[in-house]
Amino acid sequence: MRIKALITIAALTLSGCSSYQMNQLGFRSSPVNVYPNYMDTIELCEVANGYRPTNQTIVSVGSEQSKRGLTHDRCDELVKELYFSRFIKSIKITRPETPAEPVPTPLPAKPLPQPVAKPQ
């Protein structure tokens with residue numbers, strides 16, 4: 001019973017952290033060894049801002065950051081955003097679409113009257 005309570009408390013505590021805080025605790029300090037176009041946004045921002053090491057060049061990381069439209073300040077905001085708030089923002093409540101009014105299908109044109117053949 002204590003283990004379940006401990007796991008629950010640990011999960012709640014870690015969900016209240018940001019990736020920056022996790023890095024400071026040593027949980028997200030491993031190097032990112034994938035190409036920048038395969039990194040998710042948080043990994044890219046952590047590498048670009050110097051929070052995590054990588055084997056990729058600064059130019060390739062900067063190019064991908066520019067392609068995604070991420071500035072240094074925006075990356076810093078993303079890295080320091082809490083996991084819980086990021087989860088809440090990712091939940092999207094959508095309303096069901098109202099069905100469009102049916103459009104009547106045009107009927108085929110009436111055939112032209114055929115001339116009546118005169119008896120000869």
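The buried residues of α3 pack against α2 (19–25), α4, α5 and α6 (83–90). Those buried residues are Ile 42, Leu 44, Cys 45, Glu 46 and Val 47, where buried means under 20% relative accessible area, exposed over 50% and partly exposed in between (1.4 Å probe, protein chains only). This is a predicted model, in which local features need pLDDT of at least 70, side-chain atom pairs count only at pLDDT 80 or more, and totals for chains, interfaces and linings use all residues. Residues are numbered from 1 along each chain as its sequence is written, and side-chain values use heavy atoms, with hydrogens and water left out.

**Chain overview**

- The chain has 6 helices and 0 strands; helices (H or I, at least four residues) and strands (E, at least two) are DSSP runs, numbered from the N terminus.
- Along the sequence the pattern is α-α-α-α-α-α.
- Of the 120 residues in the chain, 20% are buried.
- Contact means heavy atoms within 4.5 Å. Among contacts between residues at least 6 apart in sequence, 54% join residues at least 24 apart.

**α3 against α4**

- Helix α3 (residues 41–48) and helix α4 (residues 58–67) pack at an angle of about 130°, their axes being 10 Å apart. Axes are lines fitted to C-alpha atoms, for helices over the stretch in contact, and angles run from 0 to 180 degrees between N-to-C directions.
- α3 and α4 are therefore oblique to each other; angles under 35 degrees count as roughly parallel, over 145 as roughly antiparallel, 65 to 115 as roughly perpendicular and the rest as oblique.
- The crossing of α3 past α4 is left-handed, a term for a near helix turned anticlockwise from the far one by less than a right angle, with right-handed used if the turn is clockwise.
- Leu 44, Val 47 and Ala 48 of α3 make the contact with Val 61, Glu 64 and Gln 65 of α4.
- By class, this contact has 4 nonpolar, 1 polar and 1 charged residues. Ala, Val, Leu, Ile, Met, Phe, Trp, Tyr, Cys and Pro count as nonpolar, Asp, Glu, Lys and Arg as charged, and the others, Gly among them, as polar.
- Gln 65 of α4 is buried, with a relative accessible area of 12%.
- Not counting residues up to four places away in sequence, Gln 65 touches Leu 44, Ala 48, Leu 70, Thr 71, His 72 and Cys 75.

**α3 against α5**

- α3 packs with helix α5 (residues 72–79) at an angle of about 120°, with the axes 9 Å apart.
- α3 passes α5 in a left-handed crossing.
- On the α3 side, Thr 41, Ile 42, Cys 45 and Glu 46 meet Cys 75, Leu 78 and Val 79 in α5.
- The residues of this contact divide into 5 nonpolar, 1 polar and 1 charged.

**After α3**

- Gly 50 follows α3 and has a positive phi, near 85°.
- Arg 52 lies in the loop between α3 and α4 and is buried, with a relative accessible area of 9%.
- The C-alpha atoms of Arg 52 and Ser 29 are separated by 5.7 Å, although the two residues are 23 residues apart along the chain.
- Arg 52 touches several residues, including Asn 23, Arg 28, Pro 31, Glu 43, Glu 46 and Val 47.

**Aromatic pair**

- The count comes to 1 aromatic pair. The rings of Tyr 35 and Tyr 38 have centres 6.4 Å apart and planes at 50°, so the pair is tilted.
- Rings of Phe, Tyr and Trp (its six-membered ring) pair if their centres lie within 6.5 Å; planes under 30 degrees apart count as stacked, over 60 as edge-to-face and the rest as tilted.
- Tyr 35 and Tyr 38 are both exposed.
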